[in-house]
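I opened the notebook to record a few look-ups.

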Number of protein chains: 2
Amino acid sequence: MFNFSDKISALKPSAIREIFKSLTDPEIIAFAAGNPASESFPIEELSALSRELFESQAVKALQYGMTEGYTPLREAISERLYKKFGIGRDFDRTLIVTGGQQGIELSCKIFCNEGDVVLCENPSFIGALNAFRSLGAKPVGVPLEQDGMNLDALTDILDKTENVKMIYMIPTFHNPMGITTSFEKRKAIYQIARERNIVIFEDNPYGELRFEGKDILTIKSIDDAGIVIYCSSFSKILSAGMRVGYVNAHEEIIQKMTVAKQVEDVHTNLFFQMLCYKFMTECDFDGQIAKIRALYLRKCRLMLDTLDKVMPPEIHFTRPQGGLFVWCTLPPAIDLSTFVAEALKRKVAVVPGGTFNCDTDQPSSAFRLNFSNPSDEQIVRGVEILGELVREYLEK
Amino acid sequence: MFNFSDKISALKPSAIREIFKSLTDPEIIAFAAGNPASESFPIEELSALSRELFESQAVKALQYGMTEGYTPLREAISERLYKKFGIGRDFDRTLIVTGGQQGIELSCKIFCNEGDVVLCENPSFIGALNAFRSLGAKPVGVPLEQDGMNLDALTDILDKTENVKMIYMIPTFHNPMGITTSFEKRKAIYQIARERNIVIFEDNPYGELRFEGKDILTIKSIDDAGIVIYCSSFSKILSAGMRVGYVNAHEEIIQKMTVAKQVEDVHTNLFFQMLCYKFMTECDFDGQIAKIRALYLRKCRLMLDTLDKVMPPEIHFTRPQGGLFVWCTLPPAIDLSTFVAEALKRKVAVVPGGTFNCDTDQPSSAFRLNFSNPSDEQIVRGVEILGELVREYLEK
């Protein structure tokens, strides 16, 4: 009945969000979502801080604020980024966004005309791919290996592709694959981008959630040229539902993103910005993160141990050192779409890998498993069901 | 240093937001902002409801939610829209957005390709004009009269303009002019849009804030064809800083807006969505609105009475029956830009009318005054200063 814009007509609702909607069935074991563990929210602290806010700063928290965000929060974030991640040259600024998702979308909006290209790791975060598509930009995939993008493929695609405006990466605890880009590859990709004058978007929502191994420097920390947009959020640390994230980038970029944000939502919910600030400065922020790391270490190990136990050797899966996801690859003999459908019939929801491909017609033989949200019992039971199903398929 | 997208390169920061930033000087009388009165926020109730939420539904409120919004809130809004405004056919649905601003931006995104046209009342809300520009769409102005758009101009522009995809209107207590479109004109504009298969965006953030005269039916209430997108918010009723608004439109439109919203911010702050729901169903929502109406009636009258007293007859101003703004027109002899600059020197901030023009090069001899946010003393003193200044200019 309506004539929608070209860019939106082509856009499909995210498969994950649609699966998420079907997850209202409490019997379903939800390996499909990307929700943080409900027990990770610091409810007592947030509740107490909220009472204080209503008592002492209610009018300020309920009135319009500045598009850039609540100044004390921006300063606290800048300080933490510098101390923890070596991020922040003289020319860098911090902008508060309505979840990391908005940071991704705004970056594409300020750099891409319709038809322009964003290079992405393939597979990549579906929310980013769809954000690019919703603006008429085209995500083009670079094959992802265990230590990051294939560099030959990256330069090859760059040589052959016109109007590449941005490289979108999740170098640390990748979504969906759970892998981490090595420092060597980070440096190499940065050099390539710098030589070709292309902006890198470093999406780092899980960066604080390393539960094994040693930290690797962020790409932004080596960004002398100011071409890296760094994005993260409080979604996996304090609360996903409050929608508070942040971007750190060159002031010229932040200025344009601010103008673009202004016309999207004026500013991010101010009350929760102030709550985040209070949590960062009045509570044990590092302790909160340590708690989540310990929780996810246990959950991830439980999932990997169960996979080790129930999966035949033909099945490969990643062994993440942080983040929320395990990526499980089936042998080509197994048809992924019937496998995923059959798993859902047996009350286990996983996301089929093709969902995360830049080219949605490209087939996949992998699926994503989330270990942060399901209970321990669900992790064991769900992986056992998947193991049974795999064996049935292989015996066919 | 950077190559920004065409649509964003052209976009200037909103003059109002920039003025708003300079308003940190407490000596300045801020007629320039559009902030609701700070004393209008129901702090006690929100504080109590917030405590209850943390006690009984904290995990739900802090976890990811659905892009469409919190279902009980959507239902409560739909019910109120139906009862109060006659809005809601079988095909209509409600979507929660991050303030009305997001509703405006999403509508343009789903209907407009780059280069497409949105017809707007001229002058119009700067946030809407810039949202259209940020997507590469072009706002084209239709002259606004005391009872709404000039209909001859509207049909004339429609005849001469290609790719008009939407008509953006604030028919009730217009921002910046404070006028209200008559029911006759609402019907006529609806018929014109319907015949030409163009969508109408009915922006109604101030609809509940009538303090004089009789309600006029919304355009959405006569929308048998499903071509009207109705948008409003809680910003002027409960809190502007929380960023909770809503859109009611045909389900096909809502579906596309949901997909577009998903990639902008996943969903609106869930805690405050639940807070709005609790306020609507557990507190005296109509009483809260009645309180604000009484407050703004008093403030508006004070401003109009003072204008009557101090302004020479050459100065014209609108007499709004609701909303937040008075529009004041100077005789052509007075140069607006030096007038506004001189007023700011005397510590009175107003927004020059040209800011609100679709064509920013088009001159204006008017300025906007806000009466909701300044104190009574500021209203009297500020208008007196403007009156003095006008007389000085006329005596030159």
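How many residues does the contact take from chain A and from chain B? I noted first that this is a predicted model. The contact takes 62 residues from chain A, and 62 residues come from chain B. I then listed the helices on the side of chain A that touches chain B. Helices H1 (6–9), H2 (15–22), H3 (43–56), H4 (58–62), H6 (100–111), H7 (126–134), H10 (251–265) and H11 (270–282) of chain A each give at least two residues to that side. H10(A) gives the most, with nine residues. By class, I read 29 nonpolar, 21 polar and 12 charged residues on the side of chain A that touches chain B.

**One helix pair across the contact**

I picked H10(A) and looked at its packing on helix H6 (residues 100–111) of chain B. The axes of H10(A) and H6(B) are 5 Å apart, and the packing angle is about 100°. That angle makes H10(A) roughly perpendicular to H6(B). Which residues make this contact? From H10(A) I wrote down A:Val263, A:Glu264 and A:Asp265. From H6(B) I wrote down B:Gln101, B:Gln102 and B:Glu105. The contact of H10(A) with H6(B) has one nonpolar, two polar and three charged residues.

**The eight-stranded sheet of chain A**

I traced the strand order next. Chain A has an open sheet of eight strands, in the order E2-E9-E8-E7-E6-E3-E4-E5, and the pairing is mixed. Strands E2 (92–97) and E5 (148–149) of chain A are the edges, each pairing on one side only. Helix H5 (residues 71–85) of chain A packs on this sheet and touches E2 and strand E9 (245–250) of chain A. The direction of H5(A) makes about 125° with that of E2(A). H10(A) turned up here again. H10(A) lies across E2, E8 and E9 of chain A and runs at about 140° to E9(A).

Strand E7 (residues 199–203) and strand E8 (residues 228–233) of chain A run parallel, joined by four bridges. A:Asp203 has A:Cys231 as its bridge partner in E8(A).

**Strands of chain B**

Is strand E2 (residues 92–97) of chain B mostly covered or mostly open? I found E2(B) mostly covered, with five of its six residues buried. E2(B) and strand E9 (residues 245–250) of chain B run antiparallel, with six bridges between them. B:Asp92 has B:His250 as its bridge partner in E9(B).

I moved on to another sheet of chain B. This open sheet has four strands, in the order E10-E11-E14-E13, with antiparallel pairing. Its edge strands are E10 (316–317) and E13 (351–352) of chain B. Two bridges join E10(B) to strand E11 (residues 325–329) of chain B. B:His316 is partnered by B:Thr329 in E11(B).

**One residue**

Last, I looked up B:Asp286, in helix H12 (residues 285–310) of chain B. Is B:Asp286 buried or exposed? B:Asp286 has 11 other C-beta atoms within 10 Å, so I logged it as exposed. B:Val263 is 23 residues away along the chain, and 35 Å separates its C-alpha atom from that of B:Asp286.

Notes:
Residues numbered from 1 in each chain as written. Chains lettered and ligands numbered in written order. Predicted model: local features only at pLDDT ≥ 70, side-chain atom pairs only at ≥ 80, totals over all residues. Contact = placed C-beta atoms within 7 Å. Nonpolar A, V, L, I, M, F, W, Y, C, P; charged D, E, K, R; others polar. Axes fitted to C-alpha atoms, helices over the stretch in contact; angles between N-to-C directions. Parallel < 35°, antiparallel > 145°, perpendicular 65-115°, else oblique. Buried ≥ 20, exposed ≤ 12 C-beta atoms within 10 Å, placed from the backbone. Pairing = 2+ DSSP bridges.
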